[in-house]
Amino acid sequence: MKKLFLLTIIFFALIFSGCEKRNEIVFSFPYDDPLAYVPGSNWAVVKEPLVGLYETDSYESKVNNHVRRGDVMEVTGKRISTRKNADGQKVVSVWYGFEDGWLESSAVTIYDNKMQAEKAVAKLLQK
C-alpha cells in the first residue's frame, strides 16, 4: 500500500512538473509581405545593368518595359523556347514571365522566396 501511495505521488509530481507558465516566443519577420516566405513561388533578381521586358518569349517581340540591375520581380511563368541561330543550329533558351513581360534566363538569377532575392540584391549592389 505504501508503494502504491509513493508511486502515485511520484506520478503526479512528474505530470504537474511540466505544468508551468511558459513565456511566449515572438518571431518578428522583416517583411510584412506574406509572399516573402511562401515556398514554391520564385523570385528573380535582374543581374544586367538594363534589359527590356519582352511581350513574349522571343527577342523579335515588342519591348513592353525596362528593368535595371537589382530589381526584384515575382516569376509568373516559365517557357523553354527554341530558335535557330545564324548558322542554322538549334538554340534552346529558358524564358521567365513576369507581370510586365518576359526575360531570358541569362538576365536574371532565380531565388526560392522574396527574402532570399532581396538579400542577394544587397550583395549585388554592394560590389
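Q: Which residues form one aromatic cluster here?
A: In this predicted model, the cluster is made up of Y54, Y59 and W95.

Q: And how many aromatic pairs turn up in the whole structure?
A: A search of the whole structure gives three aromatic pairs. One of them joins Y54 and Y59, whose rings are arranged edge-to-face, with 5.3 Å from centre to centre and 90° between the planes.

Q: Why quote both a distance and an angle?
A: Because a pair of aromatic rings is described by the distance of the centres together with the angle of the planes.

Q: Is Y54 buried or exposed?
A: Y54 counts as buried because its relative accessibility is 16%, which is under the 20% limit used for that class. Y59, at 39% relative accessibility, counts as partly exposed.

Q: OK, stepping back, what helices and strands does the chain have?
A: The chain has two helices and eight strands, and along the sequence they follow the pattern α-β-β-β-β-β-β-β-β-α.

Q: What share of the residues is buried, and what about the surface?
A: Of the 127 residues in the chain, 28% are buried. The accessible surface of the chain comes to about 9800 Å², and carbon and sulfur atoms account for 56% of that area.

Q: What part of the contacts links residues 24 or more positions apart?
A: Among contacts in the chain with a separation of 6 or more, 55% are between residues 24 or more positions apart.

Q: Which residues of α2 are buried?
A: The buried residues in α2 are K114, A117, A120 and V121. Seen down the axis of α2, its buried residues fall within an arc of 120°, so they line one face of the helix.

Q: What do they pack against, and which residues are exposed on the other side?
A: The buried residues of α2 pack against the strands β1 (43–46), β4 (72–74) and β8 (108–111), while K119, K123 and Q126 are exposed on the other side of the helix.

Q: What happens at the start of α2?
A: There, a side-chain oxygen of N113 comes to within 3.3 Å of the backbone nitrogen of M115.

Q: What is A107 in contact with, leaving aside neighbours within four places in sequence?
A: With those neighbours left aside, A107 is in contact with V45, V46, K47, E48 and V51. For V45, which is 62 residues away from A107 along the chain, the separation of the two C-alpha atoms is 8.6 Å.

Q: And S61, where is that?
A: S61 lies in the loop between β2 (50–54) and β3 (63–68), and because its relative accessibility is 16%, S61 counts as buried.

Q: Which side chain does the side chain of S61 make a polar contact with?
A: The partner is the side chain of T56, at 3.3 Å. Leaving aside neighbours within four places in sequence, S61 is in contact with Y54, E55 and T56, and Y54 also belongs to the aromatic cluster with Y59 and W95.

How values were computed. Residues are numbered from 1 along each chain as its sequence is written. This is a predicted model: local features need pLDDT of at least 70, side-chain atom pairs count only at pLDDT 80 or more; totals for chains, interfaces and linings use all residues. Side-chain values use heavy atoms; hydrogens and water are left out. Helices (H or I, at least four residues) and strands (E, at least two) are DSSP runs, numbered from the N terminus. Buried means under 20% relative accessible area, exposed over 50%, partly exposed in between (1.4 Å probe, protein chains only). Contact means heavy atoms within 4.5 Å. Accessible areas come from the Shrake-Rupley method with a 1.4 Å probe; for residues, only the protein chains shown count as cover. Rings of Phe, Tyr and Trp (its six-membered ring) pair if their centres lie within 6.5 Å; planes under 30 degrees apart count as stacked, over 60 as edge-to-face and the rest as tilted. The arc is that of the directions from the helix axis to the C-beta atoms. A polar contact is a pair of N or O atoms within 3.5 Å; within protein, one must be able to donate a hydrogen and the other to accept it, and residues adjacent in sequence count only if both atoms are side-chain atoms.
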